[in-house]
Amino acid sequence: MSNFDIKYMEKALELAREAFEDDEVPVGAVIVRNDEIVATGRNRREKEKNALLHAETDAINNACKALGGWRLWNCEIYVTLEPCPMCAGAIINAHIPTVYFGAYDFKNGSCGTITNLFEMPYNFKPNYKGGIMQEECAELLKSFFKRLR
Ligand SMILES: [Zn+2]
């Protein structure tokens, strides 16, 4: 597993802040290949009225378009929150070999918290590491939900 680069998590956080300003749960994602950003994504569920538009699926969609294929091998995904079952499944289906995430998700996290889809015997098993810039990522989510109340 390659080493993560904090600048990509910072970029993912920037996208999460953009989501926040758009009244979306602040989660951002960046897909990197050969030390270059190939796609970005952020939560767009409310605006697009679409349950499928989490940060990761938005980024995967954009990466498939940018790279002209569904197999995102040689890519890394950076996401500010632990992927949910849908997004962990999308990562497995896109064959993304490396996943870095920030905050842990105690309600939906499917990469170690509630369950761990990345440790199950599917046909593809990504490497992953959580807790990167965890405090910043969690703090942003906390302030979003505080504002809602
Ligand atoms: Zn998700």
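What volume does the largest pocket have? About 600 Å³. Keep in mind that this is a predicted model.

The lining of the largest pocket counts 22 residues. Five of them lie nearest the centre: V25, L81, D105, L141 and F145. Please find those on the structure.

Of the residues lining the largest pocket, 12 are nonpolar. Another six are charged, and four are polar.

Which helix gives the largest share of that lining? It is α5, with five residues. Helix α5 covers residues 134-148. Helix α3, residues 55-67, also takes part.

Helix α4 spans residues 85-93. The axes of α3 and α4 come within 9 Å. They cross at roughly 25 degrees. Angles under 35 degrees count as roughly parallel, so α3 runs roughly parallel to α4. As for handedness, α3 passes α4 in a left-handed crossing.

Which residues make that contact? On the α3 side, we have E56, T57 and I60. On the α4 side, they meet M86, C87, A90 and I91. By class, the contact of α3 with α4 has five nonpolar residues, one polar and one charged.

To recap, then. The largest pocket is about 600 Å³, and α5 supplies the largest share of its lining.

Methods:
Residues are numbered from 1 along each chain as its sequence is written. This is a predicted model: local features need pLDDT of at least 70, side-chain atom pairs count only at pLDDT 80 or more; totals for chains, interfaces and linings use all residues. Side-chain values use heavy atoms; hydrogens and water are left out. On a 1 Å grid over the protein atoms alone, a cavity is a set of points where a 1.4 Å probe fits but cannot get out, and a pocket is an open set with protein on both sides within 12 Å along at least five of seven lines; lining residues have an atom within 4 Å of a point. Grid points are joined across faces, edges and corners, and a volume is the space filled by probe spheres set on the points. Helices (H or I, at least four residues) and strands (E, at least two) are DSSP runs, numbered from the N terminus. Ala, Val, Leu, Ile, Met, Phe, Trp, Tyr, Cys and Pro count as nonpolar, Asp, Glu, Lys and Arg as charged, and the others, Gly among them, as polar. Axes are lines fitted to C-alpha atoms, for helices over the stretch in contact, and angles run from 0 to 180 degrees between N-to-C directions. Angles under 35 degrees count as roughly parallel, over 145 as roughly antiparallel, 65 to 115 as roughly perpendicular and the rest as oblique. A crossing is left-handed if the near helix is turned anticlockwise from the far one by less than a right angle, and right-handed if clockwise. Contact means heavy atoms within 4.5 Å.
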